[in-house]
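Morning, everyone. I have one model to show today, and I will keep it short. Please have a look at it first.

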Amino acid sequence: MEHGILLAQEMQLTHVIFESDASNVIDTINDSALGSSVGHIIQDIIQAKASFVFCSFRHLIRDFNYAAHELALLARRTGSHQLWIGVTPPFLDPIVQADMLN
């Protein structure tokens, strides 16, 4: 989540919505739980949030966030960070097309 918000800042986006199937992460951010074990990261996210005109953190069940889940699995498997702007990685095409039909 922290990497995503930093990327959004770097891209100079003004209105952002961050979604995750990890409800504990979203709840921790929305509750500003600075006393948690990741409080320093939450504090950085909250400070970065102030740089946007609109910024929201939302929980989605994995069924509605499957493309993002697959991208996270790819990142974990390869140990690399990748960015696709305006295109979809070919392996995600069927997932994105199915999402558009729902």
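I will go from the whole chain to one annotated span, and then to two residues.

First, the ground rules. This is a predicted model, in which local features need pLDDT of at least 70 and side-chain atom pairs count only at pLDDT 80 or more, while totals for chains, interfaces and linings use all residues. Residues are numbered from 1 along each chain as its sequence is written, and side-chain values use heavy atoms, with hydrogens and water left out.

Now the overall fold. The protein has five helices and two strands, where helices (H or I, at least four residues) and strands (E, at least two) are DSSP runs numbered from the N terminus. In sequence order the pattern reads α-β-α-α-β-α-α. The C-alpha trace spans about 40 × 30 × 25 Å along its principal axes.

Of the 102 residues, 23% are buried; buried means under 20% relative accessible area, exposed over 50%, and partly exposed in between, with a 1.4 Å probe and protein chains only. Taking the contacts (heavy atoms within 4.5 Å) with a separation of 6 or more, 64% are between residues 24 or more positions apart.

Next, the annotation. UniProt, in an unreviewed entry, places "domain: RNase H type-1" at residues 3-72. UniProt positions are given in the numbering used here, feature names are shortened, and annotations may be inferred rather than shown by experiment. That span is 49% helix and 17% strand, and its end C-alpha atoms lie 12 Å apart.

Which residues does Ser20 contact, leaving aside its neighbours within four places in sequence? They are Met1, Ile26, Arg58, His59, Leu60 and Asn65. Ser20 sits in strand 1, residues 15-20, and counts as buried because its relative accessibility is 12%. A polar atom of the Ser20 side chain lies 3.0 Å from the backbone nitrogen of Ala22.

His15 is also in strand 1. Is His15 buried or exposed? His15 counts as exposed, because its relative accessibility is 54%. Not counting residues up to four places away in sequence, His15 touches Val53 and Phe54. Cys55 is 40 residues from His15 in sequence, yet their C-alpha atoms are 6.0 Å apart. The His15 side chain also makes a polar contact with the side chain of Thr14, at 2.8 Å. A polar contact is a pair of N or O atoms within 3.5 Å; within protein, one must be able to donate a hydrogen and the other to accept it, and residues adjacent in sequence count only if both atoms are side-chain atoms.

That is all I have.
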